[in-house]
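Please open the structure in a viewer and keep the selection tool at hand.

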Amino acid sequence: MPWATRGLRVVTTGYPHTPDDYGGSFRAAVSPLPGARWEPDMAQVCPTGAITEHDGVPRLDHGRCIVCGRCVRRFPRAFRSDAAVETAALLRDALVVPPLRETDEALARVRAALARRVRRLRRSVHIRHVDAGSDGTEEWEIAALLNPVYDVHRLGIFFTASPRHADILLVTGAGSAGMLRPLRITVEATAAPFVVVACGTDAISGGLLGRGYATRGGVSEELAVDVWIPGSPPSPFSILHGLLLALGRFPKGGPA
Amino acid sequence: MSAAVRIEPLDTPEALVAIVAARVAEGARLAALFVAGSSRRPMLTAAVAARAELALLTAPLEAAAYPALSPLVPAAAYYERAIHDLHGIAASGVVLNPLILPLPEGAERPRPGSGSSPAPVEPDEHTLPVHVTGEGTFTLPYGPVRSGVFETIEYLVENAGEEILHLWVRPFYKHRGVAKAFEHRTIDDGVLLAERVEGVASVAHAVAYCHAVETAAGIEVPQQGAWLRVLYAELERAANHLDVIVRLCEAAGLAVANARFAWHKERVLRLLAALTGSRFGRATVVPGGVAGAPQLAPSDAARRIGELAAAVSADVIELMRTESFLDRLWGTGVVTPEEARAHGALGPVGRGSAVAEDVRRTRAYGAYAWGAAPEPRLHHDGDAHARLRVRVGELEDALALASQAVDEARAGRGGVRVEVPEGVSGRACGWAEAPHGEVLYFIGLEDGRIHDCYPRSASFHNLPLLPAAFKGDVLTDFAFIEASFGLSPAGVVV
Ligand code: SF4
């Protein structure tokens with residue numbers, strides 16, 4: 001059996017228990033630098049309207065950012081690329097930097113409520129993926145979680161074909177009109193309690209497509225989203241971070 | 001480059017249909033049929049490819065109908081359905097079942113290119129035909145929400161016992177209105193959207209879009225930039241071909257091979273990320289060239305490509321010796337060379353059925369025009385096995401070419417980018433050979449902004465060949481046939 005002898009001479013990542021070098025080697029997000037001052041051209045440089053002004057400083061919404069890096073190239077002293085892969089959040093507002101309002105208290109409440117719902121998911125967790133109008137890249141990055149590098153089975157995470165057995169709905173895409181009904185049917189078929197994860201900037205806000213005649217600006221009007229994973233697409237590490245956040249396996253609860 | 005495109009304005013759709021049919025009868029291939037934008041009147045546009053030339057025939061549409069082309073050129077059928085879905089303009093004399101946007105009779109159509117601002121649509125499944133099946137046959141729906149991590153698409157599989165009698169494809173679920181979404185954007189924003197038309201071929205779509213813009217602007221990408229585009233495009237091709245191999249191994253339950261090829265694919269994406277900052281090479285190809293020099297030293301890039309090529313090739317040799325696996329592919333999902341030629345099949349689907357079309361050679365663009373394009377990997381059997389052999393051959397070629405591109409880019413002159421002049425106007429067409437085959441972009445620019453844009457993916461063009469490939473295949477062949485086509489639903493329902 002030649003394949004059996006070949007095996008897998010590859011190293012599975014130790015993430016999240018130990019940091020992964022590769023995880024920090026590409027552009028996972030873009031953020032305003034502390035002390036950055038607002039300039040009127042900043043709004044124009046962003047293709048998705050992710051950058052707005054707030055008390056004389058630029059504010060960046062990761063939920064709209066497609067990580068094109070254009071703001072960094074144009075205003076290198078105001079924005080920087082961020083390699084940290086832990087980009088997911090439990091509150092939509094927490095994706096905005098600097099924050100819209102004090103999110104700490106709300107975050108604590110949300111986390112406690114989520115913890116009650118996922119309490120029974122100690123060992124193994126089943127995920128149902130639904131594509132609600134993605135560009136196809138999110139599916140590659142989700143599928144990568146099964147490759148030997150990320151190998152999420154080691155964390156007790158599995159994908160399931162049946163919504164009845166799903167603990168997590170992992171939803172991608174800008175909310176295409178044609179998927180609204182299938183999405184509703186999937187939600188109705190899923191046994192409560194379950195957690196909804198919006199995977200990717202498209203799922204959060206519609207991304208570059210935003211709202212159009214055929215897209216609903218993401219899936220959050222259709223579904224009560226619990227975890228938000230920005231990125232266009234988010235990398236497998238960011239998706240994994242979002243899933244672990246959903247399961248309360250990250251004590252600190254993600255980025256500010 | 002623009003010399004390869006010839007514009008032929010005609011007075012009526014009748015003339016257009018007659019000329020296209022005559023050219024196809026002489027051996028040309030229908031590359032696209034669509035309605036191009038003009039605020040005043042829609043123009044029926046056909047792209048006809050013959051050897052090194054792409055002819056664009058246009059005719060004003062004065063009525064809500066035009067004579068159908070598909071009875072003469074069957075490859076036009078899905079285009080006619082898409083035109084009806086988007087514009088409400090009908091090809092007369094044929095049945096136009098909804099394909100990419102099922103809307104009830106009389107509903108407002110989005111009409112991309114017309115300057116309209118359509119209200120949100122509600123796709124209506126009741127407008128789709130009900131497939132009545134005979135005694136002893138069943139229709140199984142696969143999708144739209146599918147088991148496993150797949151893009152949304154629905155297949156209705158009519159079968160009698162094990163044998164598949166017919167397949168219907170319903171891709172409309174993820175229609176996102178992308179053509180309309182291009183309108184009014186700046187040239188620079190447009191490329192970011194092109195990357196999201198069919199995300200797994202971000203680089204190819206960006207190159208095709210930029211090629212159109214550069215043609216309209218009359219600029220030429222400098223050497224170094226042109227070679228870097230080849231580098232990223234070939235790595236993208238490698239990743240996509242590996243993805244197909246992974247899915248075939250998965251269908252066969254070949255766990256170790258599956259894991260190993262998935263790891264190779266991951267390595268390609270990591271290399272792209274190291275070079276460009278994005279695992280899909282996004283925000284890298286820009287009008288005029290590429291955004292910047294690679295973030296990885298050429299010597300490191302060359303070393304990593306070399307290691308990858310060696311590792312991939314060892315596993316490919318083993319895979320192509322694994323009889324139990326190849327057994328599932330031999331004679332499975334056959335597209336005959338005649339069918340492929342008549343349809344103008346693109347990419348590996350075409351090359352697996354002896355159709356040599358590859359725009360890196362037939363209408364060579366960028367650095368491919370400098371002798372870089374590899375010989376087409378042609379096979380004649382037209383089955384899933386032939387398509388696999390095309391892909392493993394191209395995988396080897398892609399990595400070799402990526403390695404050459406690293407060297408050439410290092411030596412190349414002229415920088416990575418030229419400025420696009422401000423306020424470009426005009427109409428132009430651009431293309432690229434994506435991993436799935438020829439991608440076309442037809443754009444109209446007005447004062448530096450996009451007036452209209454019609455992207456045509458190879459996934460869309462090849463789609464009708466998928467149902468045609470089920471010839472006595474059984475249910476357990478389904479996953480192999482689907483994977484061997486390697487279509488991206490996002491690219492299908494633009
Ligand atoms: S990276 Fe691009 S999308 Fe994100 S904020 Fe900057 S300009 Fe906007």
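Select domain 1 (5-114) and domain 2 (185-457) of chain B: each gives at least three residues to the lining of the largest cavity. These bounds come from an automatic or database domain assignment. A cavity is a set of points, on a 1 Å grid over the protein atoms alone, where a 1.4 Å probe fits but cannot get out, and lining residues have an atom within 4 Å of a point.

This is a predicted model, in which local features need pLDDT of at least 70 and side-chain atom pairs count only at pLDDT 80 or more, while totals for chains, interfaces and linings use all residues. Residues are numbered from 1 along each chain as its sequence is written, chains are lettered from A in the order in which they are written, and side-chain values use heavy atoms, without hydrogens and water.

Next, select B:F34, B:L86, B:A179, B:Y454 and B:P455, which lie nearest the centre of the largest cavity among its 26 lining residues.

Now display helix 6 (residues 223-251) and helix 12 (residues 384-411) of chain B, whose axes are 8 Å apart at an angle of about 155°. Helices here are DSSP runs (H or I) of at least four residues; axes are lines fitted to C-alpha atoms over the stretch in contact, and angles run from 0 to 180 degrees between N-to-C directions. Helix 6 of chain B is therefore roughly antiparallel to helix 12 of chain B (angles over 145 degrees count as such). Their crossing is left-handed, meaning that the near helix is turned anticlockwise from the far one by less than a right angle.

Terms used
1 Å grid on protein atoms, 1.4 Å probe; cavity = no way out; pocket = protein on both sides within 12 Å on 5 of 7 lines; lining within 4 Å. Helix = DSSP H or I, 4+ residues; strand = E, 2+ residues; numbered from the N terminus. Parallel < 35°, antiparallel > 145°, perpendicular 65-115°, else oblique.
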